[in-house]
Amino acid sequence: MVRIENQLVGAYEGQTLTLECHSEAYPRPITYWTRPSNETIANGNNYKVEAIPKGYEITMRLTIKYVRPQDFGSFRCVATNSLGETDGKIKLYSK
């Protein structure tokens, strides 16, 4: 199961922004984020990916250090384990 509190988020270019998803699964899932271009996001210069486990729940956080024009669109948070896969979408729009 994936739960998202804010599915529509507005941002300005140059802003620092954190997106968040909550996943509940057993066995513990592999979690990741994808960008609007559908590529998997890794920690790097502009992105910080975190997965914070607490029991069966994992809080998935994606921090965009500097919002760029190519960041506007739908980000996916994905949780997958041996029993299946589920995802949630957060749409980032320009204010």
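Begin by selecting β5 and β6 in this predicted model, where the two strands pair in the antiparallel sense over 8 bridges. Within this pairing, pick out K54, which stands opposite E57 in β6.

Now widen the selection to the open sheet of 4 strands, whose order is β1-β3-β6-β5 with antiparallel pairing. The edges are held by β1 (residues 2–3) and β5 (residues 47–54), and because each has a single partner strand, one side of each is left without a neighbour in the sheet.

From β5, step back to N46, which is found in the loop between β4 (30–34) and β5. Is this residue buried or exposed? N46 counts as buried, because its relative accessibility is 11% and the cut-off for buried is under 20%. Display its side chain, which reaches the backbone oxygen of Y66 at 2.9 Å, and then show the residues that N46 touches beyond four places away in sequence, namely T63, I64, K65, Y66, R68 and D71.

Next, select the largest nonpolar core, which has 20 residues, and colour L19, C21, W33, L62, I64 and F75, the residues with the most contacts inside it. At least two residues of this core come from each of β2 (8–11), β3 (17–24), β6 (57–64), β7 (73–81) and β8 (84–94), and β6 gives the most, with 4 residues.

Conventions:
Residues are numbered from 1 along each chain as its sequence is written. This is a predicted model: local features need pLDDT of at least 70, side-chain atom pairs count only at pLDDT 80 or more; totals for chains, interfaces and linings use all residues. Side-chain values use heavy atoms; hydrogens and water are left out. A nonpolar core is a set of buried Ala, Val, Leu, Ile, Met, Phe, Trp, Tyr and Cys residues joined through side-chain atoms within 4.5 Å. Buried means under 20% relative accessible area, exposed over 50%, partly exposed in between (1.4 Å probe, protein chains only). Two strands pair if DSSP finds at least two bridges between them. A polar contact is a pair of N or O atoms within 3.5 Å; within protein, one must be able to donate a hydrogen and the other to accept it, and residues adjacent in sequence count only if both atoms are side-chain atoms. Contact means heavy atoms within 4.5 Å.
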